[in-house]
Amino acid sequence: MFCREQAVQLHRERDAIRRKGAELVFVGNGNRRFARGFVEQFAIEAPVYVDPELVAYRALEFSRPVLGLLNPKVWVAGARALGGGARQGTVQGDAFQLGGVLVVRKDGTVAYRFASATAGDHPPVDEVLAAL
Amino acid sequence: MKLGKDVAALEVQDLDGGERALGETWRERTAVLVFLRHFG
């Protein structure tokens, strides 16, 4: 549900991102079959990669709190996502692994970094666009 | 903060099973990398 919410929000801004000279890229921790389903269901046109071994997630220090789903903030975010039309699907990947957003320039400089503290904790889209 | 070559060299898979260095995503233009919690 949270992933769908974030993916749809950012994918809507794909053209704006490209106009700023950047490319939107998704990385998921599920397998390729799940990723294909994600691409088809949400008509994702951006590149999608998978990292089922969580190698990049770990290297970039995205959290994997085993009790993270019990945080009350998760339920607030859930209500927000449901209100926005998102629906919970089957978990297709590591349910505990949290994600984040990086804006990385061509020289490898990180212009923006957001690491989710809980499920449903996403950066404001405007904040991401402002980093471009 | 700048990502090192070690991070750029980390491999992710494309949807056809090919291995791609993560750094390829920002080699030619700025990348907005969205790390999803999962695909569901």
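Begin by selecting chain B together with whatever it touches in chain A: 29 residues of chain B are in contact with 63 residues of chain A, contact being heavy atoms within 4.5 Å. This is a predicted model, in which local features need pLDDT of at least 70 and side-chain atom pairs count only at pLDDT 80 or more, while totals for chains, interfaces and linings use all residues. Residues are numbered from 1 along each chain as its sequence is written, and side-chain values use heavy atoms, with hydrogens and water left out.

Displayed as a surface, the two chains bury about 4200 Å² between them, 64% of it on carbon and sulfur atoms; this is the accessible area (1.4 Å probe) lost on putting the two parts together, summed over both. Within the side of chain B that touches chain A, β1 (11-13) and β3 (30-35) of chain B are the elements giving two or more residues, strands being DSSP runs (E, at least two residues) and helices likewise (H or I, at least four).

Now move to helix α3 of chain A, residues 32-41, where Phe34(A), Ala35(A), Phe38(A) and Val39(A) are buried, that is, under 20% relative accessible area (1.4 Å probe, protein chains only), against over 50% for exposed. Looking down the axis of α3(A), you will find these buried residues within an arc of 140°, so they line one face of the helix. On the face turned away from the buried side, select the exposed Arg33(A) and Glu40(A). Finish just after α3(A), at Ala43(A), which takes a positive phi of about 50°.

Note on methods
Chains lettered and ligands numbered in written order. Arc of directions from axis to C-beta.
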